[in-house]
Amino acid sequence: MEKLIAESNLVISLMVMHLIASLAAVELRHLRSAIVALMIQSALLVAIFVVLAYLTANASLYQWALVSAITKVVVIPFLLWRYSARLPQRELRPLVSFPVSVTLLGIAVVVVYRFMHAHVDFVAPTPEAMVEPVRSSLAIAFTVIAMGLYVLVVRRDAIKLIVGLILMENGVHLTLVGLAPTLPETTLLGVTTNVVILVWLVLYLTAGVYRLLGTTDVTELSRLRR
Amino acid sequence: MTNDMTAVGSLLPVLVFVVPTVTGLLVLAAGRSSRLLREPLAFTGLAVTAVIAMLSAQETLAGRVLTGWGSLLRMDGLSSLMVLIGSCMAALILFYSLRCLPQQMSEEQRTPAKFSLYYGLVALFVGMLNLTCAANNMVMLYISVEATTLATALLVVFYWRRESLEAGYKYLILVAVGLTCALFGCVLLYAAGLALLPGREALMLSSLGRIADKLPTNVVLLAAAFFIAGFGTKAGLMPFHAWLPDAHAEAPAPISALLSGVVIKVGAYALARTITVLAPYYHPIVAFVAILASAGMLLGILLAWAQDDLKRLLAYSSVSQMGYIVEGLGLGTHLGLYGGLFHVMNHALFKALLFMCVGAIIYSTGGVRSISKLGGLGRKMPITAACFIIGALAIGGVPLLNGFMSKLTLFLAAAEQRLLWAAIIGMITSILTRFPQTTGSLS
C-alpha cells in the first residue's frame, strides 16, 4: 500500500489519459478514429492494471491485465474494425450537435468526477478506498461509466452504441479492480468472454440490419415497428 | 436462510449444467452433418438433464444442500425448483418445435446449419440457465445470466426478418446495459462484504446472507437499486421491460414460450437470490420493489388490452405477471417467497401453454396473429381453443385453477406486510386479466 501511495502521481496521470481517451472515443465522429481511441482507452486500462499489480504486489491483477489486453485491446477493436468496413464511415448525426455535446459532456464529467471524489465513502466505505490514488481511480471509473450511459442515451449510430457499452463495461471493470482486486480466474474469464461474445453478436445483428434496411440508425428501428 | 440444512458434496450441480452445455456444443458443432446429431441428440440431452434435475430436487426436498466444485456451486430448494421448471419446459418446447418451427421458415432458410443452430442454442441456453441456478458466486451469477441472454439472442432473430432483427437488437443492447448495472451492484456488495468476510467468501451469496444486517446501509440500498434495474431488465419488470413485447412477438412461437416461460424467470431468480438476502433487513427495498411491481402489473395489463396482435397481448400480460412474481420475492417473507415461487411455476406453465396455442393458431392459419381476424376459431380448432381458454382462466386467477392459489398467497403475503394497497392493486389487476385473454380466445 505504501508503494502505491508513493507512486500515486503515476497512477493518476494514467487515469487522466484514460479519461481523455474515453472522451475521444465518445466525441470523434469518424467511426474508425473512435475505434482507435477506444483501443487506446483499453490499452491505458491494461497499463493501469499492470501498474497497480506491480505496486500492490498482487499477482492476480497481472492475470486481469493479460486477459484484458487480449480481449479489450486486440479482439474487440479487431471485430469493430472488421465489421465497420461494411458500414458507413461517418457517424450518423447524433440527437445533439457536436458543440452542445462536447459542452454537455465536459460539464457532466466535471460534475460526476467532483461529486464521486467527494463522496467515495458513500459507495465504498472502506479505508482502502479513501486514500489516493484509489479514491481518484474510483471517481474516474464512475465518470467513465456515466460517459458510457450518455452515449447510449444521445447517440443513434449502432457502432457508437457499442462503444458506449464497452466504455460502461471498462468503467465497471476498473471499479472492480479498485475495490476488490482478488477475483477468481474462472469469473474473470467468464466476464471477459461474455463481453467479446456480446460485442460480436451486436455487430452481427447490426450488419444484418444494415443489409436489410440500409441504415445503422437505432432510432429508426423503433420507429419502423409502429 | 438455509444454515440449518446439511451441505453435501455432490456431482449433481455439476452434471445439471455440464450435460446440456456439452449437448448444445455438440449439436452446434456436428448438427449439420447428420440429422441424428440434431433433434434426437438435443432432445436426449435435455431429457437426461430433466432427469438429473428431478434427482437433485429429490435430494433438496430431503433437506440437503448440494455443493459442487468446492463451494462454487450450491443447489438448495430454490435452485432445484428453477432447474426443474427450466429443464422440463425446455424439453417440452423442443418437442413442440419439431413441427412448428420449419413451417414459418422460408424455403432457403431450411438448411441443416440453421436447424443445428436452433437446437444447439436451446440446449446451450438450458446449460447456462442451470449454471445460473447452481452458482453460489455472485459474479458467476451475473456471468451466467448474461450468457442466457447471449444464447437466446440468435433464437429471437431466428427468422431473420426485419422485425425480428430489430427485436433481437433491442433485446441484446437493453439487457446487456441492464446487466452491466447488475454487475456494478455485485461489485459494490462484494467490496462492502470484503470488510467483514475473508477474501473470496465475500463473493459467495450464502456467506453474504449471514452478514447482510452488518453491511453499510448506503451500499446495500445502492446495490439493491442496481440489482433491481439490472436483473429487473432481464425479468421484464416495468419500467425496464421495453425489449420484452418486441422480442416475444417476433421470435418463433416455441421461443416465445421459452422466453416467457423460462428466460424472464432467470431474471426473477437472480433477483430472488440477491434481493432476498438483503430485503429482510432493509425495509426501503421492500417498499421500492412493491411500488415497481404494482405499477408493472397494472400498466402491463392495461397495455395488453390495447394490443391487437395476440403475441404482443401475451407479452404485455407477461410484464404484468412478472409484477406479481417480483412483488412476492421482494417482500422477503416466507409467505411472499412461497407465493412468488409458486407463481413462477404457474406462470411458466400457463404462459407457455398460451404461447403454444398461439403457435398452433399461426401454424394452421398461415401466420395470422391479429385478434380481429381470428373470429370463429373455437369451431375450427376446438382443442386449441379449449386449451387456450384453460390457460386464460388460469392466468386470470379463476378459482380451482393454479393461478388462483398462487395469486391468493401473494395477496395474503402483501396484506401480512401491511401493504394493503399492493394487495388491492393485485386483485384489481387479476380481475382485469380475465377479460382480454378470454375475449381473445372466444372471438
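Q: Which residues does B:Lys114 touch, not counting residues up to four places away in sequence?
A: Welcome to this predicted model, where local features need pLDDT of at least 70, side-chain atom pairs count only at pLDDT 80 or more, and totals for chains, interfaces and linings use all residues. Residues are numbered from 1 along each chain as its sequence is written, chains are lettered from A in the order in which they are written, and side-chain values use heavy atoms, leaving out hydrogens and water. Contact here means heavy atoms within 4.5 Å. On that basis, the partners of B:Lys114 are B:Met105, B:Gln109 and B:Phe158.

Q: Is B:Lys114 buried or exposed?
A: A residue is buried under 20% relative accessible area, exposed over 50% and partly exposed in between, using a 1.4 Å probe and protein chains only. Because its relative accessibility is 17%, B:Lys114 counts as buried.

Q: How many residues does the largest nonpolar core have?
A: Such a core is a set of buried Ala, Val, Leu, Ile, Met, Phe, Trp, Tyr and Cys residues joined through side-chain atoms within 4.5 Å. Those with the most contacts inside it include A:Leu80 and B:Phe231. The size of the largest nonpolar core is 241 residues.

Q: How many salt bridges are there between chain A and chain B?
A: In contact across the two chains are 44 residues of chain A and 44 residues of chain B. A salt bridge needs a side-chain nitrogen of Lys or Arg within 4 Å of a carboxyl oxygen of Asp or Glu. Between chain A and chain B, the count of salt bridges is zero.
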